[in-house]
Amino acid sequence: MTKTMLIDTTRCTACRGCQIACKQWNDLPAEKTINQGTYQNPFRLSAYTWTLVQMREVQHQGQFYWSFLKRQCMHCLHPACVSACPVGAMHQTPTGPVLYNDARCIGCRYCMTACPFRMPRFEWDKRLGHIRKCHFCFDRQAEGLEPACVKTCAAGALEFGEREEMIALAEARLRARPERYLQHVYGKEEGGGTNVLILSVLPFEYLGLPTLSGKPLPELEDTLAPFEYLGVPTLGTEPVTQLNDDLARYGTPSIAVGVAAILAGMQWYGRRRAQAKEPAAPVPAAKEPKP
Amino acid sequence: MTTWRAQLRRSLTISWSEVLVLLVLAALTALGLGVAVVRFMRGLGATTSMTDAYPWGIWISFDVFVVPFSAGAFTLAAVVYLLNDERYHVLVPPVVLAGLLGYAMVCAVLLADLGLPHRFYNIIAFLNPESFMFEISWCVMLYTIVLLLEFSPVILERLGWEGPHRLVRSFTIVFVSAGIILSSLHQSSLGSMWLLLQAKLHALWWTPILPLLFLLTAVAGGLCMVIFVSVLAAKAFHRPVRTHLLANLGRAVAGFLVLYGLLKLLDLVVAGELGLLFTGSTLSLLFWAEILLGIVLPVTILSQPKLRETCSGLLWGSIAGLLGLALNRGNVSMFAIWRPRGTIYTPHWMEVAILVGAVAAAVLVFALAARLLPMMLGPAGAEEHGA
């Protein structure tokens, strides 16, 4: 079974120790940042920042919320990046982590385009850039340790364990403190399920996550500059990769065979037509104005 | 032998205005190549406007447009070789060359687009059959070879190499068939590529029948390209415009576009997304623009015999069809994809320069080929005839 991380945003204090632990364990450089009018820092994920406490100020049902959400690769059960990658550089280990093979990648960045969470990031500053993203501390996991961010979390906002255990823990928390949580475990079903589960008091649309409803909330306007795009992307419960994989497996060969059959038919028809015309061959083809 | 020499001499006499055009094309090509060197030296971040929010820029949009543009080669080949309709044979060589140059452009631009271009061969070494990017890259490679083979008789004939010429000719039907199968896969897989973006691509464009829609628009767009290239080449190199033949293709374009429009409408009805058409958002307006430019306008022009039998009717009908195709591919590959708030992408001048260089190089090669391989365009000054 797969390993899963549970993020309880109601417990997070935004100390950002997880960001530091991630940088330390993975030897990632600090980034020069600029003030964007929020404590969120660095402002966005990058090839050098694999996890980030996203901070949003939200008004919901007449109440003010300062919401903190640790963003990182969701390690989907059915990762779009893995289906997308033409060379199999993106791959999934049996225990869950979605990993990236430096030596195979050709830098086409289809994984970045395909990921519904926009987690793969590219080393734009390098002459030969690679894709970078959270790898779920697969190296620590292999030694029986939890990811560095979980280890360091002082507020108890991060838990790590078997997926079933984490789902059970999350649901237990929802039952124990119903007033504290929206009654939904994000990641249990979204896109076929993810190995990062999230609990929140706010609807997940506010957190900028693709949701099952994709309903645009009146207060929310995620803009697609320069074109507007209300709300957040919609993510069904079926695996995001289902249609793609089925089509690749069965569609491609069917198209090849089908087209070949049509071609054979057309050739047969063409020959028949040519034969039918044969007797009239000596007559120079006259102009044939189409009806 | 003397006729060969005379032909060559005639093909080498050239007017000053033509020299000027060729020089400008050569200069733009050189600029594009120079910028490409800078791009490979300094990397994608320094030479493009792409970011993590816009991991794909105009290069990809260009590619997904040029591939269906180049589909003219396979649709025309299907008509000629498989329906055994020899009348269209005169149209084939310039169209196949245009398709070949289109694919060459795509290969060049794709190489510039790769973050790790020195590892491009990994696409052959490591396969993930579930990736439509894998299918696309294989189809690009194989179909480019097929187009080379399809065009080679013109060159072999010119060189007077009888043996190879006869050999290639005898296998024509094989690689024409291979080209049609590869093209069907390639054009549809360009649509399949966006299926993974169900969450991110706007519902007006995302549909499970994207591969079918992409294939249909490729056939219609490819036929538009046949008309466009044939008319322009005839005008530029003083050959008669074969209006009757092209009008037949124009009628087929109108038919395919009507079918495409109906499918698109049906898809929105079935998905219950008709309401999205009337939200008045910028994206819905873009959708309408695409429908008007890419379906309504070309169908209006090309469905009327009076208009499609004229040179300008053919030209404008095909241009409208191609612009609509370009807008559709631009919408799918760029505008209708969800991005984080406040991010914007304006192409870097170097991205544009590389595209301009690629197009200039293709036009330059086409112009030179028209000079050095005059038989490519058929006999000069010949009257239009149906046979």
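Buried residues have under 20% relative accessible area and exposed ones over 50%, with partly exposed in between (1.4 Å probe, protein chains only). These legends describe a predicted model, in which local features need pLDDT of at least 70, side-chain atom pairs count only at pLDDT 80 or more, and totals for chains, interfaces and linings use all residues. Residues are numbered from 1 along each chain as its sequence is written, chains are lettered from A and ligands numbered from 1 in the order in which they are written, and side-chain values use heavy atoms, with hydrogens and water left out.

**View 1. A:F136, a buried residue with a positive phi.** At 1% relative accessibility, A:F136 is buried. Its phi is positive, about 65 degrees, although A:F136 is not a glycine. Look for A:F136 in the loop between β7 (131-132) and α4 (138-142) of chain A. Helices (H or I, at least four residues) and strands (E, at least two) are DSSP runs, numbered from the N terminus.

**View 2. A:Q61, an exposed residue with a positive phi.** A:Q61 is exposed, with a relative accessible area of 71%. Here too the residue is not a glycine, yet phi is about 50 degrees. A:Q61 sits in the loop between β2 and β3 (63-71) of chain A.

**View 3. The cis peptide bond between A:N41 and A:P42.** Omega is about -5 degrees for this bond. A:P42 belongs to the loop between α1 (17-25) and β2 (52-60) of chain A.

**View 4. Where chain B meets chain A.** Here 79 residues of chain B are in contact (heavy atoms within 4.5 Å) with 76 residues of chain A. The two chains bury about 6600 Å² between them, 61% of it on carbon and sulfur atoms; buried area is the accessible area (1.4 Å probe) that two parts lose on being put together, summed over both. In chain B, the residues losing the most area to chain A are B:D52, B:L196 and B:W338, together 13% of what that side buries.

**View 5. A salt bridge between B:E130 and A:R249.** The side chains of B:E130 and A:R249 meet at 2.8 Å, N to O. A salt bridge puts a side-chain nitrogen of Lys or Arg within 4 Å of a carboxyl oxygen of Asp or Glu, and the rule finds two across the interface of chain B and chain A. On the side of chain B that touches chain A, α10(B) gives the largest share, eight residues.
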